[in-house]
Every structure is written in structure tokens, then in C-alpha cells.
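Hi,

Here is the structure for you to look through. My notes on it follow below.

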Amino acid sequence: MRALIYVRLSNLTDATTSPERQLKVCRDYLNNRGWGEVGVAEDLDVSAGKYPPTERKALSAWLERHEEYDVIVFWRLDRLVRSVIDLSDLIRWSQKHSVNLVSATESHFDLSTSMGRAIATMVAVFAEMELEAIKERTRQSYEHRVQLGNWPGGRVPFGYEPFKRPDKGWGLRPVPEQVKLIHELQDRILAGERPFTLVAELNEKGIPGPKGKRWR
């Protein structure tokens, strides 16, 4: 049996270990069954709730090469889809191209029977409900922090830095040298200088940009 391993993670950080763990579990599953690995499709920093399988770079490319494998193996169903509609589309795709979909950790996931397909759909329903619950908790948390006057989190804009408030929560405060630089660049652009020239000058002088990286 020729197997493609699929790995997905919504948020990738330096401390992330989930992709390696997913890959190990899937490879152990293949080894226990004597299946051959033809490749690994990795979509990291990709939300399954936002992007269906056909819009994920790695997986969509392999879906076009369906003749090269017999089965797609993934850690759990929620790594593959977070939507009942997406699962339904993949089931139709798998039946059309005779490619099975197998979860390495969920023994009930068996698309070879009508009962297995029904159970898989039920699991997808709960995965979709879980995703909606996560979105709602995130929204409520964001609104609560804003109401308290705290920084709600996310990307820190250049010119500011986060700081811990004494009464709990986080805020943003200006970074004087960055604010000075922003004003200087603004004045020079308004005076007619080209942004590309300014970026090259900043990089040549070694002045760090957002997150300490080069300007671009």
C-alpha cells in the first residue's frame, strides 16, 4: 500500500513540536502495517477552518497527483478537515480516485463502509463545533481585554512595545527611538524621497526594522 502522510498545524512557533509528533505517529502506523511512504504533505501555519484542502499549498498539490498513492494517512481527522462540507468533498474525491483516507489514531475512521463514513461525518460535526467554540472564546477574550483598556494581543506595531500593567493585563507604549525614526521617514517621503531608497539606506546602516529584521 502506497501512503501519503499529511501533517497540518494552525499556528507554528519556535516551540512547536506537534508537526514532528504527528509525523512520528503516522510513520509508526505505516510501519506497523507494512505500508510504503511515498511522501509527506505539510501545511504549517494553515487553519483548516479558514482554508479547505484544495486551498492548502502542500495538500492541494498532492491531491493533483492522486495516482501516486493509495491512501492518505493523518494524525487525527481535525488535522485534515474542520468542516463537514470539506469532509464530504474529500470523501467524494477519495471515492472518485480510489484513494482511502485513514486516521492513525482514530480506529473508527474507516471510509470503506457506509457506517464508517457516517461515523467520520459525525466526528467532523464535533470538530466543526469545537472550532466555532474556539472562535467564540477568542472573540470574547479579545473584547474583554479591549473593554479593560488592555492591549488585546497580536502583532506589535513598529514604534511600540508591550508592557505589563501593574493592575494585570498588557498595554502598549511608544519606543522613543522608533517613533523618532518613523517621523523622520515620514518627513522624507513627504519631501519626495523614494521609499525604496530609504529602505536600502536603513539596511545599509544596520538599523533594525520590525521584529529586529531587515527592512523590505
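The charged end of Arg65 lies over the ring of Trp62, 3.9 Å from the ring centre. Arg33 sits likewise over the face of Tyr29, at 3.6 Å from the centre of the ring. A charge counts as over a ring if NZ of Lys or CZ of Arg is within 6 Å of the ring centre and within 35 degrees of the ring normal.

Please note that this is a predicted model: local features need pLDDT of at least 70, side-chain atom pairs count only at pLDDT 80 or more, and totals for chains, interfaces and linings use all residues. Residues are numbered from 1 along each chain as its sequence is written, and side-chain values use heavy atoms, with hydrogens and water left out.

There are three aromatic pairs (ring centres of Phe, Tyr or Trp within 6.5 Å, with the six-membered ring used for Trp; planes under 30 degrees apart are stacked, over 60 edge-to-face, the rest tilted). In one of them, Phe158 and Trp215 have ring centres 5.2 Å apart and planes at 80 degrees, so the pair is edge-to-face. It joins distant parts of the chain: Phe158 is in the loop between α5 (114-147) and β5 (160-164), and Trp215 is in the segment after α7 (195-205), 57 residues apart. Helices (H or I, at least four residues) and strands (E, at least two) are DSSP runs, numbered from the N terminus. Phe158 is partly exposed at 22% relative accessible area, whereas Trp215 is buried at 15%. Buried means under 20%, exposed over 50%, partly exposed in between (1.4 Å probe, protein chains only).

Next, the sheet. Four strands form an open sheet in the order β2-β1-β3-β4, with parallel pairing (at least two DSSP bridges between two strands). β2 (36-44) and β4 (100-103) are the edges; each has a single partner strand, so one side of each has no neighbour in the sheet. β1 (residues 2-9) and β3 (residues 71-74) pair over four bridges. Tyr6 has Phe74 in β3 as its bridge partner.

Tyr6 and Phe74 also belong to the largest nonpolar core, of 20 residues, and are among those with the most contacts inside it, as are Trp93 and Leu101. Such a core is a set of buried Ala, Val, Leu, Ile, Met, Phe, Trp, Tyr and Cys residues joined through side-chain atoms within 4.5 Å. β1, α2 (57-63), β3, α3 (77-80) and α4 (84-97) each supply at least two of its residues. Another core, of 11 residues, lies apart from it and includes Val7, Leu30, Val71 and Val73.

Best wishes
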